[in-house]
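Visitor: I am new here. Could you walk me through what there is to see?

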Amino acid sequence: MSDRHQRAGLGRRLYDATWGRVFAAGYDRFMADTERAGMAERRRGLIAGARGRTVELGAGTGLNLGHYPDTVGELILTEPFPPMAKRLREKAGARATVVEATADDLPLADGSADTVVCTLVLCTVDDLPATLAEVARVLAPGGRLLFLEHVRSDDPRTARWQDRLERPWRLFAHGCRCNRDTLAAIAGSPLEVESVEHGSIPNSPAITRPLIAGSAALPARS
Ligand SMILES: C[S@@+](CC[C@H](N)C(=O)[O-])C[C@H]1O[C@@H](n2cnc3c(N)ncnc32)[C@H](O)[C@@H]1O
């Protein structure tokens, strides 16, 4: 490994061990006003569509946990960052299995999930096309990705600010990219977008306000 890569790896570990831990510890408090102002209702509406064996990506501290309906059989919550995963385990108890894994490398068999859920995660994954390919791999034909994500703005002025502030925001928000065109990435993946609603995240800075909520299906084999 080169010196440059070693230094980058060390910097990442230091960042995770300091600010990453603070971010995980403060996440629920940081989100509280947003959740009360409508985000929790958005989560509930999205997750009502989950059924069967359900896998959540980057489940964080478990803000979706209370919203899963009885139509969900087995619930698997994935989360790669140990300080988040610890909180998730405490909250999930026996309700779900928690697996420490990144979304682009899920320890799940091909075609083994009926539903994949992601909320405020596709902004943060390192490799979005690889993540969406992995979602398509683990979904059974006809299975669904349910997404609730903040995205790049359609308004050019806001999008310019998202580009300008991408780096400082990413440092503050533990890897979140505020300028990602996530809907275009889903549309360009093996999944077919079935429905999408555009909205905004309440009580959030303008650069993270534009929101999409919807579903994309893995086409059933003909
Ligand atoms: C903004 S938080 C969202 C947490 C939760 N999904 C929610 O709706 O509140 C982003 C989450 O993505 C996780 N994450 C970061 N990189 C990831 C990756 N490569 N694969 C899966 N999750 C990742 C983070 O650890 C964090 O828990």
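**The sheet and its helices**

Guide: Welcome! This is a predicted model, in which local features need pLDDT of at least 70 and side-chain atom pairs count only at pLDDT 80 or more, while totals for chains, interfaces and linings use all residues. Residues are numbered from 1 along each chain as its sequence is written.

Visitor: In what order do the 7 strands of the open sheet lie?
Guide: Strands here are DSSP runs (E, at least two residues; helices are H or I, at least four), numbered from the N terminus. Two of them pair if DSSP finds at least two bridges between them. With mixed pairing, the order of this open sheet is E3-E2-E1-E4-E5-E7-E6.

Visitor: Which strands stand at the edges?
Guide: An edge strand has a single partner strand, so one of its sides is left without a neighbour in the sheet. That describes E3 (97-99) and E6 (192-200).

Visitor: Which residue in E7 is the bridge partner of Glu-192?
Guide: E6 and E7 (residues 210-217) run antiparallel and are joined by 8 bridges. The partner of Glu-192 is Ala-217.

Visitor: Are H1 and H2 roughly parallel or roughly antiparallel?
Guide: The axes of H1 (residues 3-47) and H2 (residues 82-92) come within 8 Å and cross at roughly 25°. Axes are lines fitted to C-alpha atoms, for helices over the stretch in contact, with angles from 0 to 180 degrees between N-to-C directions. Angles under 35 degrees count as roughly parallel, over 145 as roughly antiparallel, 65 to 115 as roughly perpendicular and the rest as oblique. The two helices, H1 and H2, are therefore roughly parallel.
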